[in-house]
Amino acid sequence: MKKINECLKKHPLSVLFVTAIIVGLLKMFINTIQRRPIYEELEGVIYIFGVYLVCWIIAKIIHNTYIRLGVVAFITFIYLSIQMFFDGSYVNFTSFIVTGGVAILIAVIIVFTIHIIEKQVK
């Protein structure tokens, strides 16, 4: 466990990148076994990697938690809106409001998790 903690402290993006690659390859393998398109359902891995990368950059530049929360909520809202637009699930303004609520909930969870990880690293 100590080696993992030391590696995470020294190279947080490398560990995330390797984890994203492993999860992506695992999803591709499962899709191949189930005879689905290879790249199906990989957007979640890319989304989590992107949000963590943006939060990490913001954490290095700005130490304000509320700005992190706003940026993550905005990115999540845009991601969910684009996904719902292509799925055809946007029906009326209620979908828009629910998407905003879900985006804020996801942003709170992600920022809270990053805040806990930062406390443990220090």
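On a 1 Å grid laid over the protein atoms alone, a pocket is an open set of points where a 1.4 Å probe fits, with protein on both sides within 12 Å along at least five of seven lines, and its lining residues have an atom within 4 Å of a point. This tour goes through a predicted model, in which local features need pLDDT of at least 70 and side-chain atom pairs count only at pLDDT 80 or more, while totals for chains, interfaces and linings use all residues. Residues are numbered from 1 along each chain as its sequence is written, and side-chain values use heavy atoms, with hydrogens and water left out.

**The whole chain.** The C-alpha trace spans about 50 × 40 × 20 Å along its principal axes. Of the 122 residues, 22% count as buried, where buried means under 20% relative accessible area, exposed over 50%, and partly exposed in between, with a 1.4 Å probe and protein chains only.

**The largest pocket.** Next select Y52, W56, I114, I117 and E118, which among the 24 lining residues of the largest pocket lie nearest its centre. The volume of this pocket is about 650 Å³, a volume being the space filled by probe spheres set on grid points that are joined across faces, edges and corners. Helices α1 (2-10), α2 (12-33), α3 and α5 each supply at least two residues of the lining, and α3 gives the most, with 8 residues.

**Helix α2.** Now select residues 12-33 and colour P12, L16, A20, G24 and N31, which are buried. Seen down the axis of α2, these buried residues fall within an arc of 90 degrees, so they line one face of the helix; the arc is that of the directions from the helix axis to the C-beta atoms. What covers them includes α1 and α3. On the face turned away from the buried side of α2, look for the exposed residues I22, L25, L26, F29 and I33. Just after α2, R35 takes a positive phi of about 60 degrees.

**Helix α3.** Select residues 43-61, where the end C-alpha atoms are 27 Å apart, in agreement with the 27 Å that 19 residues should span at 1.5 Å a residue; the expected span is 1.5 Å times one less than the number of residues. The buried residues of α3 are V45, Y47, V51, Y52, C55, I58 and A59. Viewed down the axis of α3, they lie within an arc of 165 degrees, so they line one face of the helix, whereas the face turned away carries the exposed residues I46, K60 and I61.

**Helix α4 and T76.** Move on to residues 65-87, which form α4, and select T76 within this helix. T76 counts as buried because its relative accessibility is 1%. Leaving aside residues up to four places away in sequence, T76 touches Y47, A103 and I106, where contact means heavy atoms within 4.5 Å. After α4 comes G88, whose phi is positive, near 80 degrees.

**Helix α5 and G101.** Finish at G101, which has its place in helix α5 (residues 93-121). With a relative accessible area of 40%, G101 is partly exposed. Draw a distance line from the C-alpha atom of G101 to that of A73, and the separation is 9.3 Å for two residues that are 28 residues apart along the chain.

Conventions: Helices (H or I, at least four residues) and strands (E, at least two) are DSSP runs, numbered from the N terminus.
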